[in-house]
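Okay, thanks for coming, everyone.

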Amino acid sequence: MPSAHTLRSSTLRSVTPWIALAVLGLLVLPWYALPGAGFWSVSWLRLFPAQDTGPALLLAAREGHGWLWPLLLPLGLALLHKRGAPWLIAAGLLGLGYLFAQGFAIDHKGPTLALLGSLGTGGQPGFGLGATMFGTAALAWLSLGLARLGWCRGDAFVVAAIAGIVTLIALFVFLPVLIVLGHALKDEQGAVSLLHFLGRLADSSIWGLDCLTGPQRCGVAWNTLFLALLVGAGTTALGLAFALIAVRTSFRFKPLLRALTVLPIITPPFVIGLALILLFGRSGAVTALLTEWFDIPRSRWIYGLTGVLIAQLLAFTPIAFLVLIGVVQGIAPSLEEAAQTLRANRWTTFRTVTWPLLRPGVANAFLLGFVESLADFGNPLVLGGNFEVLSTKIFFAVVGAAHDQGKAAMLAFVLLAFTLGVFWAQQRWLGQKSYTTMTGKGDAGIAQALPRRVSYLAYGLALPWAAFTIVIYATIVFGGFVKSVGRDHSFTLAHYLSGFSLDWGPHGLQFTGAAWNSFWVTLGVAGVSAPLTAIIGILTAYLLARQNFQGRRAFEFGTLLSFAIPGTVIGVAYVLAFNTPPLEITGTGLILVLCFVFRNMPVGVRAGIASLSQIDKSLDEASLTLGAGTGGTLRRIMLPLLRPAIIAALVYSFVRAMTAVSAVIFLVTAQYNLSTAYIVGRVEAGELGLAIAYSSVLILVMILAIIGIQWLVGERRIGRRASTDQLAHFGAG
């Protein structure tokens with residue numbers, strides 16, 4: 001292990017770059033975001049002729065922004081870092097504290113408190129590159145100071161990672177949500193009233209149980225909870241069935257089966273709902289056949305709990321599969337072979353060895369399915385009918401005629417309570433047991449074939465669902481090649497040509513189709529947000545699974561917070577939080593990237609935790625003992641073993657950025673219009689053919705992207721032997 005002197009010297013040397021970064025932010029880079037130039041513009045290279053376009057100290061001297069002068073104080077404290085860790089900690093705390101205090105206290109019009117009027121004149125826009133670099137440097141000073149005091153065993157990488165992720169979650173998860181939820185405590189006059197909040201919370205439309213005693217409907221909270229429990233259980237069962245078939249059987253069409261499990265996740269949710277309506281609605285194809293052949297009267301059974309449940313099972317089963325396939329692959333065959341050596345049959349081995357080791361994956365898959373159902377609003381909006389859930393209730397409270405943000409915020413509290421409850425139940429079920437299956441020792445065992453009853457059950461669940469998925473997607477593809485779905489089924493390419501036509505002009509190839517602009521913007525936003533989501537998610541999972549620090553449980557729940565809030569609330573929260581200084585990014589592409597990163601991060605976290613629970617900590621300890629730092633251990637040892645979790649994070653975040661609608665419907669602009677917003681507009685205009693054609697193009701693009709991600713990341717190789725006898729053994733099972 002490195003000595004304390006070596007660690008101290010290394011820490012001292014590492015302070016210098018962060019001091020240089022703070023100086024760069026104060027003296028060179030533009031402190032404020034340039035008007036209309038975008039957050040990452042390089043137009044600051046000009047000689048700052050306009051107001052509010054220079055570095056901090058230049059603005060303090062030239063524009064009278066005297067509130068920027070005190071930023072020199074934390075920089076001075078950082079220069080005294082050789083005197084001890086408290087100086088660095090003081091520099092970091094003072095730098096971050098004052099940076100955000102003056103940012104929130106002074107807006108475009110000027111200081112919001114009369115006391116601050118003496119600090120300078122005028123107002124200030126949102127932070128730019130200079131403020132971002134200074135804040136990053138201050139956070140680094142704080143992290144290095146805490147590491148020198150021995151936090152997290154003096155590991156600066158771990159302290160910095162925790163501090164950075166906590167700061168990001170605080171800014172882009174807690175801050176927007178708190179701003180929205182603050183409206184829940186206000187009455188119609190804008191005054192804070194706890195009694196008014198409690199009266200809203202006790203509304204019978206939320207908690208009523210009239211459905212148990214009569215024909216009336218139950219409260220929206222019970223509807224939401226019942227649906228989420230069904231979806232969580234259903235997606236986990238289906239995902240596990242697909243994972244067992246993909247890993248533990250010799251099924252001939254495994255590639256097709258795996259492709260079908262991914263298809264629903266790469267489809268806009270309202271498109272699945274539209275396909276269900278085209279099949280099972282009053283005028284649907286299946287409904288018409290049943291009426292013609294069996295004289296079954298037409299009905300609206302697809303609208304309500306049944307339809308929403310089917311659509312959500314289609315949409316969210318791939319999430320469970322992506323989590324569970326890595327867990328199934330990670331079970332050490334030697335443990336099963338040991339049970340068989342003790343004369344346990346296949347069923348006993350599965351029940352006493354395999355199933356207990358699957359519990360982390362099953363628990364995480366259920367949690368994700370449950371939370372996804374809570375947050376989904378696209379499927380209930382299309383298929384809900386009279387079956388109300390909290391997400392649609394919140395949506396109409398925000399965009400409806402009443403425009404009651406307080407009611408929407410109060411309903412969001414209920415969703416948070418449900419998420420916290422299932423999170424606690426998951427932890428109780430897993431308990432403190434160990435689920436380690438991969439150690440530093442070799443394991444060349446052969447995975448046991450599934451017991452017959454498990455094999456039959458997996459096939460019985462997966463194959464009919466796969467056939468149903470094929471029918472759904474055949475309907476989607478069919479709708480893009482006919483003139484009018486449900487009316488004129490003549491073949492045509494007009495929908496594709498309208499959206500994606502190409503012409504050859506005087507300047508070369510031109511993208512003249514109406515959908516190209518939104519397509520390229522969506523592809524760019526997804527391409528940037530996906531790797532960022534995977535990096536933050538896997539790093540967070542490593543910290544949660546491998547590090548012990550105060551507040552770890554609260555930190556873990558914080559990573560789930562944005563996942564639990566409906567996308568509509570997240571969208572409104574981002575507009576309210578980031579439309580004014582200090583983080584003024586509404587209308588930019590950056591706000592879309594940030595929304596996707598912190599909305600989709602929990603999938604990477606849960607997949608990473610599930611995989612890390614199978615990897616013995618002795619691998620980390622051996623690497624650290626040999627002198628590798630935590631960063632090097634994570635990069636060289638952990639990441640190759642976490643490839644299934646990395647693929648899950650990348651695939652999910654990329655396709656959700658391509659298909660999400662609820663969270664970004666309030667954030668898109670004419671310049672940054674996303675595919676889903678464009679499709680929603682076509683649906684509202686009655687252009688269903690173009691909407692389905694665009695969805696088909698997105699599906700094709702995302703299939704290619706998923707293949708590319710799997711090729712780039714590769715498979716986890718654990719060194720297990722395979723034989724031709726194994727396939728026959730599997731087939732016999």
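Let me start with a definition: a salt bridge here is a side-chain nitrogen of Lys or Arg within 4 Å of a carboxyl oxygen of Asp or Glu. By that rule, the structure holds four salt bridges.

Before I go through some of those, a bit of housekeeping. This is a predicted model, where local features need pLDDT of at least 70 and side-chain atom pairs count only at pLDDT 80 or more, while totals for chains, interfaces and linings use all residues. Residues are numbered from 1 along each chain as its sequence is written, and side-chain values use heavy atoms, with hydrogens and water left out.

Now the overall picture. The protein has 30 helices and four strands; helices (H or I, at least four residues) and strands (E, at least two) are DSSP runs, numbered from the N terminus. Of the 733 residues, 55% are buried. Buried means under 20% relative accessible area, exposed over 50%, and partly exposed in between, with a 1.4 Å probe and protein chains only. As for contacts, meaning heavy atoms within 4.5 Å, take those with a separation of 6 or more: 75% of them are between residues 24 or more positions apart.

Back to the salt bridges. Side chains of opposite charge can pair when their charged atoms come close. One of the pairs is Lys393 with Glu388, at 3.3 Å from N to O. Lys393 is buried, at 19% relative accessible area, and Glu388 is partly exposed at 31%.

Next up, Arg553 and Glu556, with an N to O distance of 3.3 Å. These two sit in helix H22, residues 552-564, three residues apart, or about one turn of the helix. Which of them is buried, and which partly exposed? Arg553 is partly exposed at 40% relative accessibility, whereas Glu556 is buried at 4%.

Then there's Arg682 with Glu687, where the closest N and O atoms are 3.3 Å apart. Arg682 counts as partly exposed at 22% relative accessibility, and Glu687 as partly exposed at 35%.

On to the strands. E3 (residues 502-505) and E4 (residues 508-511) run antiparallel and are joined by four bridges; for two strands to pair, DSSP has to find at least two bridges between them. They form a hairpin, with two residues between them. If you want a landmark, Trp504 has Leu509 in E4 as its bridge partner.

Now some helix packing. How do H15 and H24 pack? Helix H15 (residues 346-375) and helix H24 (residues 589-612) have their axes 9 Å apart, at an angle of about 165°. Axes are lines fitted to C-alpha atoms, for helices over the stretch in contact, and angles run from 0 to 180 degrees between N-to-C directions. H15 and H24 are therefore roughly antiparallel, since angles over 145 degrees count that way, with under 35 roughly parallel, 65 to 115 roughly perpendicular and the rest oblique. On the H15 side, Gly361, Asn364, Leu367, Leu368 and Ala375 meet Arg599, Pro602, Val603, Arg606 and Ala610 in H24.

Last stop: Ser143, in helix H5, residues 129-148. Ser143 is buried, at 3% relative accessibility. Leaving aside neighbours within four places in sequence, Ser143 is in contact with Val159, Ala160 and Ala163.
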